[in-house]
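Biologist: I'm new to this one. Can you show me the structure and walk me through it?

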Amino acid sequence: MKPHLRLIALLGLIVPRHLRAGWRQEWEGEFRYRESQLDAWERLDWRDKLDLFRRSTSAFWDALWLFRQQLEAGMFLDLRYGARMLIRHKGFTAAAVVTLALGIGANTAIFSLLDKIVVRALPVEQPDRLVTFLGGAERFPLAMSYPMYTAIRDRVPLIPALAAYSPRPFSLADGAAADRVTGAVVSGNYFSMLGVRPAIGRFFAPDEDRTPGTHAVAVIGHGLWRRRFGSDPAIVGRSISVNARPFTVIGVAPPEFTGTTRGTTVDVYVPTVMAPTVLPGWSRVLDSPNWGWLHVIGRLAPGATRAQAQAAFMEVAAELDPGAKPPAAPDPMILADRRPQVQVLDGSGGYREEVENLTRPLQLLMAAVGFVLLIACANVANLLLARAVTRRQEIAIRLAAGASRWRIVRQLLTEGLLLAGVGGTAGLFVAAQLTALLTSVQQQVTYLPRTIDGTIDARALAFTLVIAIVTGIAFGLAPARQALSSDLVSGLKSGVPGRGARGLTLRGVLIVAQVALSVIVLVGAGLCLKGVRALQAIDTGLQPSRVVTASFDPGLAGYDEQRGRRFVDAVTRRVAALPGVESVAWGEIVPFSDFFDIGSASVEGYRPEPGERMAFDFNTVSSGYFRTIGLPLASGREFTSADTATSLPVVLINEAAARRYWRGRVPVGGHINRGRSAEVIGVVRDSRVKKVSDETKPTIYLPLAQNRGANMTLHVRASGDPRSVLSRIRQELQAIDPRLPAYNLQTLDAQKNGSLYAERLSAMLLTLFGALAIALVAVGLYGMLSYSVAERTREIGVRLALGATRGDLMSMVIRRGLVLTVLGAMAGVAGALAAVRVLKGLLFGVSPTDPQVFVLVPLGLAAVALLACWIPARRATRLNPLAALRHE
Amino acid sequence: MTYVTATILQAVASGYRYGFDVIDATGLPGGTVYPALRRLEDAGHLSASWEKESIARAEPRPPRRYYEMTRAGRAALAQAAKRYRLAEQAPPAKARPRSSRA
């Protein structure tokens, strides 16, 4: 055959069968015509022959077009048929769709959260070139002084752009009322270094960050603009009051940019040179070389590595400060720029210290939810496999009626995809609900990353959808594999084979895997729940149940010390007079909050070991403080009104300090020295006032009358319901000064629960996912055994006819389910023993191999499995033997 | 309707009534002309029929598939002509021998 005609014959294979003959004929006609215009084939030279062959290749596009047309028409038919099948088998469809929706929804929600908090890069230009700086081996950001920053800024060629910022709370007033907002003092090049563009207006110009106190300009965050100013486009040029100083708004940050510390959303940015003006008590901050307060974030030069930049940075730092030596005991909180040890890290995600405690729990949850998705996929696979058995006859009939195998496969593929599509859509709904739930949980607790918003991550959804689609396709094809591999005649004769229920079939293996995975999830949930219970049961040493708090920052509202003291007196007097108030006191550190004041002091009569760091937690408190928060005195006396600014300096210590530094000596009457000597007048009991899982640290309590606290918190003990007292306090504070915003207005119990947020969230979600896993396993077992009973109806009939009792049949069905469950539970326990290692450090007061959890989980699962087996087993015993024998 | 499709429709209207004839008249490749003819047929702008076997055998050559304008095709062409000013660019009409029609 001539080559061009051979190609036409070959290309015809793509053309749908019913059009093929005509298609070939038409194209052959075309080429015979061409030949006739030339010469006899034998006399044609090679150029003409080549030209004919080249022309014949264009038939490929024609054939392809027909193929696509056919495919599209077929696809529509497949979809219609698939939709009809899904509607007809409502039970099957509902089970598969619900299973997929739960798996996809839970994964999307958790992945979105993890992505937002941990993974996603900052929305800035080339985030992969950004670097952050940690001080030494600590996990705290390097805190640099302003002189150090300005000196080093342009001296490290490997880091050509270096910006500085310092997050500070601001009091923002616009009219009568004031709000406490998250502020940041930033260097003039902060936005330009990051490559962020303003939503409206402009960012700081270089000369606005040169001369201290000259440019009272501010950039506001998009969230604040929307929330507080109703997205008013005329905001640029408007005057706002930041810490009682007038500032002009020059621009609004874009909505996606919330600052460079993950988990916080900055509302107001002001230039660094305005720090002395805007921050009360910070008038010398720009001159002091020892005042470390600025975090720095830089951009690497092209081709430079972080290790090179780190070496260069440290070299320049040492040059600028030749006296810098590694301190004997590194103190993370002070003089960070004097330590030559600096770590230069990947800064694409910004600083992470605010979300550090959420990272691991979220990763753990992601693993758990991944297991749930696997269980869900196994479940859908099992349902599809079970249905495959019942569809053998249908497929055999279609094959016998002349359908091609490819046509059958395509039909089943379409059905799988349709199922995945419906499941995915429902999953989107579940994800939205779960994300809303997580957001509302977050909003009920105080100091959580505010960047958790209610949006769903598109990448996560795409990822889980792909998994669902792959499952749908892989197991949707199972009936095709079964039907196409078996012979047509037996398929036609009986759609329901009498075998396939014994031995460890693929469906059995899937059940075993599901049980194993759910045991792992449930063990994790059990351990976390036990851990949270242990945390909540810890005796913190305080009686927080009827205590409410309200914090203020009088300095931010422009109060001087005198006015601040008058305010404190006024609040004390008016709140103490409220009905339902038992006692009122002030303290600088709110129990269970993440605020702390660490410092060193010397103890009279105690000689520190070489290199020993005498570190104490400090808290400035008023008289009546210990009575109010319910912390008992071990010895000595409390502060009283007799301890005044002019009387002998006094302090109280806790038992931990007494144990460590007095070692059997009587502390009361002894002295400590922190700048000036003060007498120890009493010892209070230990209390866990930071995180309840943290050991009590040696603490020194200073009297408010003799020390100025930066931001003080009102502590009120109520005689009855603390919430009614809370609302009365709020009204009272409004009446005293509406321009002084109160924060931390809540009960101490809520504060304690808030401090356990990460643990409680993990335990709650793990329990939720554990319950989901059990439910899926139960559905899977039930589905598999139901189909198994249906498959074996005739066999059951024979057994009944031969004298088998109902009990025999019941145990036959249940035994199969239980064998699979026991196998799965054993594998799950082994897997959980290996997996719980990742929980180390996240659990408190419970061993990762807690025997109670490891026994109860498999037993509980077995009980649920028994119930799931019992329903199909009972159905088997109720079969009519005669009807069962006639069953086909 | 694309310019190319309109050109092919115009060619059929001008009396070029089977595949390779249209290819010659328009200068377009077969891989463009044939799918376009099929699309036009699907859309109802052309109707198609096979030549009688006897005629083909007498020539001797494979039977041809003839395309003919429909009413809808003429309306579509008039509209396209307005848009593309095809009248000026169309290939000259050519009389086909009636005998070759089935």
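Biologist: How many residues of chain A are in contact with chain B?

Modeller: In this predicted model, 16 residues of chain A are in contact with 13 residues of chain B.

Biologist: Which helices of chain A each supply at least two residues to that side?

Modeller: Those are α2 (17-37) and α4 (59-88) of chain A.

Biologist: And which gives the most?

Modeller: α2(A) does, with eight residues.

Biologist: What classes of residue are on the side of chain A that touches chain B?

Modeller: Seven are charged, six are nonpolar and three are polar.

Biologist: What does the model score overall?

Modeller: The ipTM is 0.74 and the pTM is 0.69.

Biologist: Let's turn to chain B. What is its mean pLDDT?

Modeller: The mean pLDDT of chain B is 79. Of its residues, 82% reach 70 or more.

Biologist: Which elements of chain B have the lowest and the highest mean pLDDT?

Modeller: Helix α6 (residues 86-89) of chain B has the lowest, at 51. Strand β2 (residues 65-69) of chain B has the highest, at 89.

Biologist: Where in chain B does pLDDT stay under 50?

Modeller: Over residues 93-102 of chain B. For that stretch the model has 16 contacts beyond four places in sequence.

Biologist: Back to chain A. How many helices and strands are there?

Modeller: Chain A has 27 helices and 22 strands.

Biologist: How much of chain A is buried?

Modeller: Buried residues make up 44% of the 888 residues in chain A.

Biologist: What about contacts between residues at least 6 apart in sequence? How many join residues at least 24 apart?

Modeller: In chain A, 84% of those contacts do.

Biologist: Let's talk helix packing. At what angle do α11 and α23 of chain A pack?

Modeller: Helix α11 (residues 356-390) of chain A packs against helix α23 (residues 757-791) of chain A at about 10°. Their axes are 10 Å apart.

Biologist: Roughly parallel or roughly antiparallel?

Modeller: α11(A) and α23(A) are roughly parallel, because their angle of about 10° is under 35 degrees. The residues of their contact divide into 25 nonpolar, six polar and one charged.

Biologist: And how do α17 and α26 of chain A pack? What's the angle?

Modeller: Helix α17 (residues 506-537) of chain A and helix α26 (residues 851-877) of chain A pack at about 135°, with axes 9 Å apart. That makes α17(A) oblique to α26(A).

Biologist: Is the crossing left-handed or right-handed?

Modeller: α17(A) passes α26(A) in a right-handed crossing.

Biologist: Which residues make that contact?

Modeller: From α17(A), they include A:Val515, A:Leu522, A:Gly526 and A:Lys530. From α26(A), they include A:Phe854, A:Pro858 and A:Leu861. By class, the contact of α17(A) with α26(A) has eleven nonpolar, two polar and one charged residues.

Biologist: New topic: backbone angles. What is phi of A:Ala244?

Modeller: Phi of A:Ala244 is near 65°, a positive value in a residue other than glycine. A:Ala244 is in the loop between β6 (239-242) and β7 (245-252) of chain A.

Biologist: Why does A:Ala244 count as partly exposed?

Modeller: Because A:Ala244 has 17 C-beta neighbours inside 10 Å, and a buried residue needs 20 or more, an exposed one 12 or fewer.

Biologist: What about A:Asn744? Where is that?

Modeller: A:Asn744 is found in strand β22 (residues 743-747) of chain A. A:Asn744 has a positive phi of about 55°, although it is not a glycine.

Biologist: Buried or exposed?

Modeller: A:Asn744 counts as buried, because it has 22 C-beta neighbours inside 10 Å.

Notes: Residues numbered from 1 in each chain as written. Chains lettered and ligands numbered in written order. Predicted model: local features only at pLDDT ≥ 70, side-chain atom pairs only at ≥ 80, totals over all residues. pLDDT = per-residue confidence, 0-100. Helix = DSSP H or I, 4+ residues; strand = E, 2+ residues; numbered from the N terminus. Contact = placed C-beta atoms within 7 Å. Nonpolar A, V, L, I, M, F, W, Y, C, P; charged D, E, K, R; others polar. Axes fitted to C-alpha atoms, helices over the stretch in contact; angles between N-to-C directions. Parallel < 35°, antiparallel > 145°, perpendicular 65-115°, else oblique. Left-handed = near helix turned anticlockwise from the far one by under 90°.
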